[in-house]
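Colleague: I would like to learn how to read a model like this one feature by feature. Could we begin with a sheet and go on from there?

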Amino acid sequence: MIKRRLTMEKGFTCALVRLVTIASLLLFNSASYAKNVIFFLGDGMGISTVTAARIFAGQAAGATGEEYDLAFDQFPHLALIKTYNTDAQVPDSAGTITAITTGEKTRIGVLGVNSSVERDDCAGALTNTLPTLAELAEQRGMSTGIVSTARITHATPAGAYAHSPNRNWESSASTPDEAEALGCRDIAAQLIAMSYGDGLDVIFGGGRREFMPIEADDPEYPSRPGLRDDGRNLIEEWLAANSKRQYTWRGEEFVDWLSAADPVDGQLMGLFEPSHMKYEADRQRDPGKEPSLKDMTALAVKQLAQNEKGYFLLVEAGRIDHAHHFSNAYRALTDTVALSDAVQWAVDNVDLEETLILVTADHSHTMTISGYPRRGNPILGTVETEPGKPLLDATGAPYTTLSYANGPGYKKQRPNLSLIDTKAPDYQQLGTVPMPAETHAGEDVAAFAAGQNAGAVRGVMEQNRLYDVMYDVLIND
Ligand SMILES: [Zn+2]
C-alpha cells in the first residue's frame, strides 16, 4: 500500500526524495512484498461443464440459471487453452499438469519428465526430470501446498512434486521391482522425500493407502489395509523427519485447526480417505467427516500466508473427472460448484494486489448441452418446450439436455425417459459409443485469471504457457 502511495504522490522535486522513493520501491518489490499464486484446477472441467454447472448452481438458487455466474465467471481475464500432449491429440491429466507445473509439454501418462521419456522408461526419467513451480518456490524459501479431492498421489497433485515415467506408480505395490532397483521411487515416497526447501507445507487430500503398509489397517475403514508392499509407513516417516509436523485423517481435528485463531506453527498433512475423497454430493455421509474443498483451501491459505516471501498453492477439484468417466453429470456438476465455492473463498479472503488466482482445467470431457430446451429448463432434465411438454427425438422418445459422446451410459435400447428421474444423483446420461469409462475430450479448455499478472492470460494459449504466468509472479529474481 505504501508503495502505491509513493508512486502516486506528485511533486517530488528534490533528488534525495526521489532516491529514497526508488530505494523503497526496490525494497518493497524484493523483500517484503509477498507474491502468491493460488492455482485451481478442475480436473476434466471442460467448457460445457462450466456452462452446465453455472446453470445447475443458478437453478439451485431458484433462478432460471443461464444468467448465473460461478466465482470464476466474474474474473476479468480469460484464455482458451490448447491441451494436447506431445504424443496425444486428446490428453490425460499427467501430461497436462506437467505442462502447467514445469513449462514443457510432455507425453501422455508421464509426470514431471520431458517428452523424450517413454512410458515406463525409468532410466530415461531419472535423467530427464523437469523442475516444478513448487520445487522452485521451495528452493527460494517460499511456502507450498497441495490440496485435492483425489488421492494426493494422483496425477494432478503429483504434478507439483513427482517425477515418474508412469503416473500409476503411486505406491511401492504398483511400481515395478526393476524400476525400483534402478532408483525410481514411487510417487508417495517422492512426496515425503521432497528435497527442495523444507518440502510441501500443506498436504490435504485422499490416498492414505499409498502411504501405509499392507500390514496396517485403515483407521476409518478397518477392513481396508494399506497398499505398500515394502513395509514402510510413510505417514510416520514424514512425521518423524521434522518435529513441527502434524498429521490427521479426522475431520474434527481439521476443523480445530481451521477454527483456531492462529495458524498451526509447522507443516500439516491431512489424508481423509484411503483412496479418493468423497464426491461433494456424498461428503456428508463420510464417517470421518471429511472437509470440503473450500475449507481445505481456507486452511491451506491460512497456513501458507504466514510466510512473508509468498506461497504457491495447487488446489484440485479432482473428481469432476471421475464423475464424467461414470457418465454421471450430477456429481460432476456438484463438484464443479464446490470448486466455485473454494475459488469464491479465495477471492473474498486474499489480497489480489499480491496474489494471482488462476482457474483452469487440464482437459475436457465429452459431455454436451444440446437439443432446444426452453430458458430455465432443468439442466439435468429432459428437453421441454414448456413444463411437462417434452420435445421428442426422431423415434418419438424424450431425451436429456446433457449427454456424452461415449461411456457406460450407452444403452442398446434406450429406456423410456418419461418413466425415469434423470435429475436423480445416480442417473447416468446417455453415451453414444459403448465404453466402460467415458473418455476425455480434446477441445480447448478455458483459463480464468484475477489478481497479479492476470492480464497475461489472454488469447489462445498453449497449456504450458500458463507456467510462465505463474512463474512471473512467484519467481521475481
Ligand atoms: Zn480422467
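Modeller: This is a predicted model. Strand S13 (residues 402–407) and S14 run parallel and are joined by 3 bridges.

Colleague: Which residues stand opposite valine 433 and proline 434 in S14?

Modeller: Asparagine 406 is the residue opposite valine 433. Glycine 407 is the one opposite proline 434.

Colleague: In what sense do S10 and S13 pair, parallel or antiparallel?

Modeller: That pairing is antiparallel, again over 3 bridges. Within the pair, methionine 367 faces tyrosine 404 of S13.

Colleague: What is the strand order of the sheet as a whole?

Modeller: The order is S10-S13-S14, in an open sheet of 3 strands whose pairing is mixed. Strand S10 (367–369) and strand S14 (431–434) are the edge strands, since each pairs on one side only. From one strand to the next, the twist averages 20°.

Colleague: Which helix packs on the sheet, and which strands are touched?

Modeller: Helix H3 (residues 47–60) does, touching S10 and S13. The direction of H3 makes about 55° with that of S10.

Colleague: H3 also meets another helix, H14. How is such a pair described?

Modeller: Two packed helices are described by the angle between their axes and the distance between those axes. For H3 and H14, the axes come within 9 Å and cross at roughly 80°. An angle from 65 to 115 degrees counts as roughly perpendicular, and H3 and H14 are therefore roughly perpendicular to each other.

Colleague: Which residues make the contact of H3 with H14?

Modeller: From H3 come Thr49, Ala52, Ala53, Phe56 and Ala57. They meet Ala329, Ala332, Leu333, Thr336, Val337 and Ser340 in H14. By class, this contact has 8 nonpolar residues, 3 polar and no charged.

Colleague: Now the domains. How is the protein divided?

Modeller: Domain 1 covers 32–366 + 442–474, and domain 2 covers 385–434. Their centres, taken over C-alpha atoms, are separated by 33 Å. The contact between them takes 9 residues from domain 1 and 12 residues from domain 2.

Colleague: Which element gives the most to the side of domain 1 that touches domain 2?

Modeller: Helix H14 (residues 329–349) does, with 3 residues. That side of domain 1 divides into 5 nonpolar, 3 polar and 1 charged residues.

Colleague: Where do lysine 289 and serine 327 lie?

Modeller: Lysine 289 is in the loop between strand S6 (267–271) and helix H12 (293–304). Serine 327 is in the loop between helix H13 (320–325) and H14.

Colleague: Is serine 327 buried or exposed, and why?

Modeller: A residue is buried if 20 or more other C-beta atoms lie within 10 Å of its own. Serine 327 has 26 such neighbours inside 10 Å, so serine 327 counts as buried. Exposed means 12 or fewer, with partly exposed in between. Lysine 289 has 16 other C-beta atoms within 10 Å and is therefore partly exposed.

Colleague: Where does tryptophan 169 lie, and is that residue buried or exposed?

Modeller: Tryptophan 169 lies in the loop between helix H7 (155–158) and helix H8 (177–182). With 28 other C-beta atoms within 10 Å, tryptophan 169 is buried. Leaving aside neighbours within four places in sequence, tryptophan 169 contacts Ser164, Ser174, Thr175, Asp186 and Ile187. For one of these, isoleucine 187, the C-alpha separation from tryptophan 169 is 6.1 Å, at 18 residues apart along the chain.

Technical notes. Residues are numbered from 1 along each chain as its sequence is written. This is a predicted model: local features need pLDDT of at least 70, side-chain atom pairs count only at pLDDT 80 or more; totals for chains, interfaces and linings use all residues. Two strands pair if DSSP finds at least two bridges between them. Helices (H or I, at least four residues) and strands (E, at least two) are DSSP runs, numbered from the N terminus. Axes are lines fitted to C-alpha atoms, for helices over the stretch in contact, and angles run from 0 to 180 degrees between N-to-C directions. Two residues are in contact if their C-beta atoms, placed from the backbone, lie within 7 Å. Domain bounds come from an automatic or database domain assignment. Ala, Val, Leu, Ile, Met, Phe, Trp, Tyr, Cys and Pro count as nonpolar, Asp, Glu, Lys and Arg as charged, and the others, Gly among them, as polar. Angles under 35 degrees count as roughly parallel, over 145 as roughly antiparallel, 65 to 115 as roughly perpendicular and the rest as oblique.
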